[in-house]
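Here are my notes on the model you sent over. They are set out as numbered points, so that each can be checked against the coordinates.

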Amino acid sequence: LGLLHEVGRRMINAGYLREAIRVYERLREEATLEAQVALSSELGALYELAGLFESAAEALNAGRQATHFKHHTHLEFLSMLVRLYERHGRLEELEDGLLAENLAGSSPEKSLFTLVRFYDLTAQPGEREKWLRELVDVTGGPSDYLRELVEVLLSNDRYREAKRMLARLLSDGATETLALRVLRVRVELSLGGREAGAALLAEFLEGRDLDDQERGDVLRFAEEHYLDQVAEDLLRPRVEAEEAEAVFQLVELHQSRGRFREAEAILNDYVGGAGNATERAERLFQCAAALQKHSLNDEALVMLKEAVAIEPGKREYLVRLAEAEAEAQRTDEALEIYEIAWSLSASEEDRVDIDQRIHSLLQLSDLREGTFPTGSGSPNSGAMRRSNADQNIRIGDLTLPTTGLGELSGGLGPTATKGGSRLFGFYAQW
């Protein structure tokens with residue numbers, strides 16, 4: 001069978017479509033049931049390529065019928081059938097066929113379940129709700145069907161009925177999982193009970209251990225529905241434990257609501273909790289990124305300058321600081337910092353990255369018209385100068401100690417301010 005399959009594939013590649021179809025038909029006849037299901041999908045595609053619509057539909061339908069209606073492959077075959085009939089403008093024929101299956105009544109749950117999925121795939125919420133109701137009635141309302149009906153009723157703006165169905169679900173003894181409690185909260189919110197909804201969720205979460213997936217789901221739900229206190233209560237213990245992820249999630253929540261003072265206070269507390277200078281620099285760098293995300297560039301600059309002052313040889317800090325200076329339209333300062341970062345780059349790839357950043361900045365500075373920045377390419381530059389008194393490099397109002405920086409940067413020093421610098425050569429091309 002493996003050899004036949006390979007022969008079939010080679011025939012397809014060679015353009016012998018009809019011959020390949022005959023090989024696959026033979027394969028399906030001799031294969032196990034599981035293999036027949038897989039081959040039905042391939043045959044469906046081949047038949048359609050050959051212009052044999054009826055054969056394609058028959059092959060896909062055979063695959064659907066051979067699988068249990070609750071198995072994911074059943075839905076996959078149904079999806080393929082929907083797309084096939086849609087492409088050929090014959091979707092109503094498929095619908096009629098599924099309705100006829102239901103009328104036959106040989107397997108009511110299966111046929112109703114398939115109709116519900118069909119109307120979901122074809123975006124017909126009214127019909128989906130109609131047949132889902134019938135599915136609940138026929139089966140006596142198992143919890144998964146009732147829950148789906150509640151969700152459909154919510155989507156169709158039938159909030160009060162959704163609440164009644166949810167009460168029925170709970171009265172039938174369904175275990176109230178997190179997902180079910182969230183559904184209850186959605187119902188309350190839809191009916192205008194924001195406080196009641198928030199209280200329901202908070203009550204469920206109190207003292208409960210959530211895994212990472214559950215915590216993430218609850219946070220997204222709370223943020224989407226403006227249940228900010230619930231989200232903050234969930235995050236606060238982890239923020240107090242200085243878990244970086246939680247800190248920035250809470251900062252993001254406050255920033256998204258325009259509460260920038262609260263967000264800044266959390267960031268300052270996080271920076272203040274650093275155990276040493278290196279950790280403080282790293283936290284400053286992280287916080288600056290959070291500020292820049294919401295265009296708080298001035299505040300980010302303050303943090304980035306302090307981070308660079310602590311760790312002057314950290315290339316990534318310098319690159320981010322240069323980006324912030326460029327954002328503030330201080331082109332001279334940005335170019336000089338990029339030059340230092342270039343000198344600290346350990347690989348050709350990193351140096352090319354800096355050159356590309358400089359190139360982009362030059363384009364934004366109208367240098368094609370001859371307006372050069374007064375950076376290291378100018379003997380009169382004031383943006384970067386070496387003080388003989390303190391032997392420091394000054395970038396704007398930031399002083400970088402040069403102890404150890406010369407070795408890291410390949411001897412960056414007085415020559416950086418003379419006309420022969422690498423950066424001036426780069427400018428000269430323009």
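1. Of the contacts in the protein chain with a separation of 6 or more, 51% are between residues 24 or more positions apart. The model is a predicted one. Its chain has 430 residues, and 43% of them are buried. The secondary structure amounts to 23 helices and 3 strands.

2. Helix α2 covers residues 17–30. At 1.5 Å a residue its 14 residues should span 20 Å, and the end C-alpha atoms are 20 Å apart, which agrees. Ala20, Ile21, Val23, Tyr24 and Leu27 are the buried residues of α2. Viewed down the helix axis, these buried residues of α2 fall within an arc of 165 degrees, so they line one face. Arg22 and Glu29 are exposed on the other side of α2.

3. Helix α8 runs over residues 125–139, a length of 15 residues. From first C-alpha to last, α8 reaches 21 Å, close to the 21 Å expected at 1.5 Å a residue. Its buried residues are Arg128, Glu129, Trp131, Leu132, Leu135 and Val136; note that Arg128 and Glu129, both of the charged class, are in that list. The partners against which the buried residues of α8 pack are α6 (91–104), α7 (108–121), α9 (143–155) and α10 (159–171). After α8 comes Gly140, with a positive phi near 85 degrees.

4. What does Leu149 touch, once residues up to four places away in sequence are not counted? The residues are Glu129, Leu132, Arg133, Val136 and Met165. Leu149 itself lies in helix α9. With a relative accessibility of 0%, Leu149 counts as buried, because the cut-off for that class is under 20%. Glu129, Leu132 and Val136, which Leu149 touches, are among the buried residues of α8. The C-alpha atoms of Leu149 and Lys130 are separated by 9.7 Å, and the two residues are 19 residues apart along the chain.

5. Val218 belongs to helix α13. Is Val218 buried or exposed? Its relative accessibility is 2%, so Val218 counts as buried. Leaving aside neighbours within four places in sequence, Val218 is in contact with Leu178, Leu201, Leu205, Leu210 and Leu234. Val218 and Ala179 are 39 residues apart along the chain, with 9.4 Å between their C-alpha atoms.

6. The largest pocket holds about 180 Å³ of space. Its lining consists of Asp212, Arg215, Gly216, Leu219, Arg220, Glu223, Arg238, Glu245 and Gln249. The elements that give two or more residues to this lining are α13 (212–224) and α15 (244–256). Of the elements, α13 gives the most, with 6 residues. By class, the lining has 6 charged, 2 polar and 1 nonpolar residues.

7. Two loop residues deserve a look at the backbone. Tyr226, in the loop between α13 and α14 (228–240), has a positive phi near 60 degrees and is not a glycine. Its relative accessible area is 54%, so Tyr226 is classed as exposed, the cut-off being over 50%. Glu242 sits in the loop between α14 and α15. Its phi is also positive, about 60 degrees, although Glu242 is not a glycine. The relative accessible area of Glu242 is 33%, which means that Glu242 is partly exposed.

8. Helix α21 takes in residues 348–364, 17 residues in number. The distance from its first C-alpha to its last is 25 Å, close to the 24 Å expected at 1.5 Å a residue. Which residues of α21 are buried? They are Ile354, Ile358, Leu361 and Leu362. Seen down the axis of α21, they fall within an arc of 100 degrees, so they line one face of the helix. The face of α21 turned away from this buried side carries Glu348, Glu349 and Leu364, which are exposed.

Definitions and conventions:
Residues are numbered from 1 along each chain as its sequence is written. This is a predicted model: local features need pLDDT of at least 70, side-chain atom pairs count only at pLDDT 80 or more; totals for chains, interfaces and linings use all residues. Side-chain values use heavy atoms; hydrogens and water are left out. On a 1 Å grid over the protein atoms alone, a cavity is a set of points where a 1.4 Å probe fits but cannot get out, and a pocket is an open set with protein on both sides within 12 Å along at least five of seven lines; lining residues have an atom within 4 Å of a point. Grid points are joined across faces, edges and corners, and a volume is the space filled by probe spheres set on the points. Helices (H or I, at least four residues) and strands (E, at least two) are DSSP runs, numbered from the N terminus. The expected span of a helix is 1.5 Å times one less than its number of residues. Buried means under 20% relative accessible area, exposed over 50%, partly exposed in between (1.4 Å probe, protein chains only). Contact means heavy atoms within 4.5 Å. The arc is that of the directions from the helix axis to the C-beta atoms.
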